[in-house]
Every structure is written in structure tokens, then in C-alpha cells.
Amino acid sequence: MTDLIAVYQRLSRLPGGKRLFSLMVARQAPYFRTIRPTIEALSPGHCEVSMPKRRAVHNHIGTVHAIACCNLCEVAAGLMIEASLPRALRWIPKGMTVRYLKKAETDLHATVSLPMAELAQPGDRVLPVVVRDRRGQIVVEADITMYVSARPSPSST
């Protein structure tokens, strides 16, 4: 279990703990604050993140803007891989393919899961993210390619 998962588990047991953990994540990556994410679940190979539908993330027709949906997908995928990789590996996003399937008219919930065996080796890893609305309908699907590589040893930096 990584330190990130341990902190999440410890905080999520407390009243308001998921919100506090989510604020800590947004402090590390300030752009994520724009969607006000709440980390609902985090475990090795799995992450769930929700976001409220509010005016600040609306597009011109009053639904959740496509880029806000992309941001939600990136939060979920980034947290999942960060929490799941062995300490000897690191990651960086390499690309994202997004399919907008329906108008996002409610709060949203993103889920990403990948078997741990697929995360243990360097190379490209595609993380499939599914975003559902309150009715359970899939509104967005994203495949986020993460490049996983060996972390440089402290003596080589």
C-alpha cells in the first residue's frame, strides 16, 4: 500500500475526511480545483472521483463543459496511477482520447480501474475512465495514456 492510499484511508474514516483529502490533492495540482473534485474511493488499481455540476463548469448550453469532464478524467486516472505504482516507477500523461456520449446535465462520477499486474512494468499504459451522471448513464469515456518509466536513482540526479 502506498503512502497516498494510507493517507486516504486514514482521512476518509473521519467526518469530512474525503473532502479534506480532496482539497489536499487540489492543492498539489491547483488546476483540479476548478472542478471541485471529491475523491470517493482510492485503492490499488482503482479510483472514483465525483464533481458537482455548477455554473463555473457550464458551457454555453448549461451542461458540464467538455474540458471539465476531461479534467475529471485526468484527476481520477492520475490519482489511481500515482497510488498504484511501485516506488521505483514514475508516470506522466502522454495522451487522451475522449468520447462524449451524452450531455452532462447533472453531477458527475468518474471511475478508473486497471489490474495491478498491468501497472507494474515501464511503458505506455492506457487507463480507461468512465464518467456517469446521477442517473447512471455514461456521458463520457476517456482512454488516458500514461508513460510509465523507472524513477532515477538518487545518486544519478
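A contact here means heavy atoms within 4.5 Å. In this predicted model, residues 24 or more positions apart account for 61% of the contacts in the chain with a separation of 6 or more. The chain has three helices and six strands, and their order along the sequence is α-α-β-β-α-β-β-β-β.

The radius of gyration of the chain is 16 Å, which agrees with the value near 15 Å that a compact globule of 157 residues would have. Along its principal axes the C-alpha trace spans about 55 × 35 × 25 Å. Of the 157 residues, 41% count as buried, while the chain exposes about 8500 Å², of which carbon and sulfur atoms supply 56%.

The largest pocket holds about 500 Å³ of space. It is lined by 21 residues, and the closest to its centre are Leu4, Gly78, Leu79, Glu82 and Trp91. The elements that give two or more residues to this lining are α1 (3–12), α2 (17–28), α3 (66–84) and β3 (89–100), with α3 giving the most, at five residues. By class, the lining divides as follows.

| Class | Lining residues of the largest pocket |
|---|---|
| Nonpolar | 13 residues |
| Polar | three residues |

The C-alpha atom of Leu23 is separated by 7.8 Å from that of Arg33, which is 10 residues apart from Leu23 along the chain.

How values were computed
Residues are numbered from 1 along each chain as its sequence is written. This is a predicted model: local features need pLDDT of at least 70, side-chain atom pairs count only at pLDDT 80 or more; totals for chains, interfaces and linings use all residues. Side-chain values use heavy atoms; hydrogens and water are left out. On a 1 Å grid over the protein atoms alone, a cavity is a set of points where a 1.4 Å probe fits but cannot get out, and a pocket is an open set with protein on both sides within 12 Å along at least five of seven lines; lining residues have an atom within 4 Å of a point. Grid points are joined across faces, edges and corners, and a volume is the space filled by probe spheres set on the points. Helices (H or I, at least four residues) and strands (E, at least two) are DSSP runs, numbered from the N terminus. Ala, Val, Leu, Ile, Met, Phe, Trp, Tyr, Cys and Pro count as nonpolar, Asp, Glu, Lys and Arg as charged, and the others, Gly among them, as polar. The radius of gyration is taken over C-alpha atoms; the globule rule is 2.2 Å times the number of residues to the power 0.38. Buried means under 20% relative accessible area, exposed over 50%, partly exposed in between (1.4 Å probe, protein chains only). Accessible areas come from the Shrake-Rupley method with a 1.4 Å probe; for residues, only the protein chains shown count as cover.
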